[in-house]
Amino acid sequence: MHKEFMMGNEAIAMGAVAAGVNLVAGYPGTPSTEVLETVAKANDGSIYVEWSVNEKAAMELAAGAAYSGARTLVTMKQVGLNVASDPLMSLEYVGVKGGMVILVADDPGPISSQTEQDTRTFAMFSKVPCFDPTSAQEAYEMIGEAFDYSEKYNTPVFFRPTTRVCHAYASVEVKDERDYYYNRPEGFVKDSSRWVIFPKLSNKNHALIEKRNRELQEVFSSYSRNAFIKGSCRKGIAANGISFAHTLETIKDKEEKPSVLKIATPFPFPEALAVEFLKANDEVLCIEELDPVIERELIFVCGKYGLNTKIRGKLTDDIALSGENSRDDVTGYISKLMGWEMKASEISSDAPELPVRPPVLCAGCPHRASFYAVKKAMKGRDTIFAGDIGCYTLGNAMPLDMVDTCLCMGAGVNIAQGVGRIRPDTKTFSFVGDSTFFASAITGVVNAVYNGADTTIVILDNSTTAMTGHQPHPGTGKTMMGEINSRIDIEAVLRGVGVQTVERINPLELDNAVECVKKTADKPGVKAIIFESPCAMLFKPKKAAAVNHDKCIDCRKCIKEIGCPGLVIQDSKVVVDSSLCNGCGLCSKICPVAAIEL
Amino acid sequence: MSTNIVLCGVGGQGTVLASKLVAAAAMNKGFEVKSAETIGMAQKGGSVMSHLRIGDDALTPMIGSGEADLIIGFEPSETVRMLPYLKKGGAVITSDRAVMPVTAALKGSSYKGSDMTDYLKNSNLIGRLVIVDTEEAVKAVGSPKAMNMVLLGAASRAGLLGQITHEDIIEAMKRKVKPQFVQMNTEALEYAKI
């Protein structure tokens with residue numbers, strides 16, 4: 001064993017490698033992305049690693065490998081699980097042979113997500129056992145145990161860290177390579193009574209799954225990661241994940257300590273352990289993020305065993321109903337329960353007003369030019385701009401204000417069609433990035449062509465999956481095994497499904513781009529514009545622009561029109577922040593007096 | 001007792017690397033380290049914060065209000081924003097160079113870095129305050145990317161990193177960065193004369 005400073009996600013990845021994982025597949029999504037990337041980096045070539053086209057593909061690929069006896073890991077963020085839920089729900093009925101761990105990173109806050117959905121709840125719904133680590137160190141060890149349980153019970157299992165576990169760093173004690181477990185899959189063995197789902201098989205396996213999960217309740221009550229830490233009074237705290245870590249920190253120097261129930265397997269719930277904990281307490285506070293999973297289970301256990309321990313938490317409004325639990329939140333909750341005095345803030349009330357800093361498109365981002373070109377071309381027209389998931393969701397910010405809707409991956413193409421069906425005179429546009437296009441927008445395009453919609457699909461092709469940290473995708477041709485395959489051409493895909501008009505243009509050639517949009521949008525039927533310009537983070541910046549103050553008339557059109565963070569006001573003058581500017585030149589094309597020089 | 005350090009700034013300023021360097025230096029000396037970072041959507045020009053905790057008794061990677069021994073601020077308004085984390089009598093090292101958000105430029109409601117540093121100077125919460133002219137510093141060092149090392153060097157030279165010394169930081173940097181950048185980063189770490 002030796003120690004390494006690792007991110008939680010790196011610890012999960014290296015724990016999986018040490019547990020002999022044979023195949024890893026996933027789709028990028030904060031806060032899960034680094035898990036797959038770490039395996040790819042550590043890979044000696046013996047592990048098959050891929051960014052799949054989306055989460056559903058990753059889940060199905062891993063299922064096939066797990067049928068063949070391989071240990072497999074699937075990685076995604078919580079909303080990715082919605083995409084993969086179709087194969088997952090059936091897979092639980094079929095089961096696996098090799099261990100299969102489905103890593104789903106939840107995002108309380110949410111910090112970088114659309115929803116605050118809770119994978120623990122999804123575990124109950126899908127009947128898939130769930131592991132919930134409290135720290136990077138525990139995650140490293142627990143993922144190996146998750147593989148063991150998966151293999152022993154022939155079921156896929158969830159591993160669901162949250163953002164604060166995924167993105168925390170710690171000095172983690174890890175195994176030396178010679179101590180790694182190696183799994184040698186025997187390959188797929190034909191047995192249609194096992195691998196082909198039919199109503200008869202589902203009926204039989206459903207009962208077996210329910211019985212197995214009852215058995216796991218018992219097994220998990222003595223699983224060492226679930227714990228009842230005895231206190232010195234008859235008050236208790238039930239917690240999981242980062243809230244558990246915060247709880248220990250809050251109570252560490254206190255003399256009178258509440259007892260603590262640590263829940264590492266929210267499903268199946270360790271019932272016998274919970275009974276023991278509840279019997280030792282008159283009042284219990286459940287400190288958890290997202291859904292009140294532990295709280296509901298404890299209330300259920302109280303009812304089932306006739307215990308009258310008072311259960312508090314989200315359902316009694318003692319804990320916030322949404323958002324993450326900060327250190328201060330947890331300290332506040334526990335102090336209230338225990339009657340401890342809280343330290344008052346020492347911050348004086350005369351603090352200056354602080355700027356708001358919403359996230360924005362980077363300086364030099366080509367999406368800014370794409371949005372601006374469409375905005376200019378469609379000025380004065382009745383329009384709807386349906387956005388999608390990626391950096392370009394930030395096109396909603398003022399002054400661009402070019403994202404009217406955003407729902408989920410790939411939705412924009414269909415939302416635009418729906419709006420158009422109700423008011424046919426509205427010019428409908430959807431904006432979708434290259435990675436999202438491949439992940440789940442192609443079906444939307446097929447739908448539009450098949451049903452004869454009148455809409456313009458704008459593909460923002462920056463040659464990468466930028467938001468999650470520049471992962472390759474089918475349009476780049478690069479794979480996570482280091483191979484270069486032929487790139488899948490977006491134009492060819494569009495033409496292949498019947499889009500007649502497809503234009504490709506560089507959005508930074510602003511005048512041409514505006515003309516192109518005007519001309520294309522007024523054509524009938526489904527048409528597409530591919531704006532091609534690489535992500536500003538992918539290349540070395542060109543020389544920064546500069547404002548010639550002899551020419552500048554201080555109209556501030558540059559700032560008001562495009563809102564680039566590289567344009568700032570200093571001593572009442574517009575200047576270019578040369579540490580941010582990458583010389584894209586968009587502002588120079590907007591300046592009415594040519595005062596911005598490159 | 002753990003040493004708690006908050007590093008804060010605007011996405012893209014290099015807080016994560018600075019935090020990793022301190023962590024590496026602490027680990028080389030055999031200390032336990034925990035930290036937490038801002039990654040994802042918020043990085044894009046938003047406020048970012050690293051929590052860094054050195055010592056065996058840190059049970060969670062995150063720092064609570066009034067617990068930080070030191071705040072290293074890469075942007076003066078962000079330093080003020082994070083001030084509630086500071087322990088009474090704790091230390092603050094900050095850049096004085098304001099980074100204007102787009103919203104401020106749009107509304108014409110710019111603030112001055114000096115408004116923020118003046119507030120810090122008058123705060124009776126802060127035990128020790130070091131304000132670094134980072135604009136001058138990066139010019140002298142010759143790279144806008146060197147700001148994180150300039151501020152980190154100021155902290156280590158002032159002896160504000162608990163048991164981590166200035167030499168420990170230089171050592172850790174040499175191991176972490178590519179050989180061609182060692183000299184530039186050394187100059188940056190040595191820039192602040194404290």
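Two strands pair if DSSP finds at least two bridges between them. Keep that in mind as you open this predicted model, where local features need pLDDT of at least 70, side-chain atom pairs count only at pLDDT 80 or more, and totals for chains, interfaces and linings use all residues. Residues are numbered from 1 along each chain as its sequence is written, while chains are lettered from A and ligands numbered from 1 in the order in which they are written.

**Stop 1: a sheet in chain A**

Select A238(A) and L261(A). A238(A) stands opposite L261(A), a residue of β11(A). Strands here are DSSP runs of E with at least two residues, helices are runs of H or I with at least four residues, and both are numbered from the N terminus. Now show strand β10 (residues 235-239) of chain A together with β11(A): four bridges link them in the parallel sense.

Contact means that the C-beta atoms of two residues, placed from the backbone, lie within 7 Å.

**Stop 2: where chain A meets chain B**

Colour the two chains separately. In chain A, 46 residues are in contact with 48 residues of chain B. Which element gives the most to the side of chain A that touches chain B? It is α11(A), with five residues. Elements that give two or more residues to this side include β8 (168-174) and α14 (327-338) of chain A. By class, this side of chain A has 27 nonpolar, 10 polar and nine charged residues. Here Ala, Val, Leu, Ile, Met, Phe, Trp, Tyr, Cys and Pro count as nonpolar, Asp, Glu, Lys and Arg as charged, and the others, Gly among them, as polar.

Zoom in on β8(A). Three bridges join β8(A) to strand β2 (residues 33-36) of chain B, and the two run antiparallel. Look for A168(A), which stands opposite A36(B) in β2(B).

**Stop 3: an enclosed helix**

Select helix α1 (residues 8-18) of chain A. Because 10 of its 11 residues are buried, α1(A) is largely enclosed by the rest of the structure. A residue is buried if 20 or more other C-beta atoms lie within 10 Å of its own, exposed if 12 or fewer, and partly exposed in between, with C-beta atoms placed from the backbone. Among the buried residues are I12(A), M14(A) and V17(A). After α1(A) comes G20(A), with a positive phi near 80 degrees.

**Stop 4: backbone details in loops**

Most residues other than glycine have a negative phi, and most peptide bonds are trans. Pick out T30(A) and P31(A): the peptide bond between them is cis, with omega near 10 degrees. P31(A) is in the loop between β2 (23-26) and α2 (34-42) of chain A. Another cis peptide bond joins F267(A) and P268(A), with omega about -15 degrees.

Then go to D401(A), which is not a glycine but has a positive phi of about 55 degrees. Compare D571(A), whose phi is positive and near 50 degrees. Is D571(A) buried or exposed? D571(A) counts as exposed, with 7 C-beta neighbours inside 10 Å. D401(A) is partly exposed, with 13 other C-beta atoms within 10 Å.

**Stop 5: two helices in chain B**

Finish with helix α5 (residues 134-141) and helix α8 (residues 182-191) of chain B, whose axes come within 10 Å and cross at roughly 145 degrees. A137(B), A140(B) and V141(B) in α5(B) meet M184(B), E187(B), A188(B) and Y191(B) in α8(B). This contact has six nonpolar, no polar and one charged residues.

Conventions. Axes are lines fitted to C-alpha atoms, for helices over the stretch in contact, and angles run from 0 to 180 degrees between N-to-C directions.
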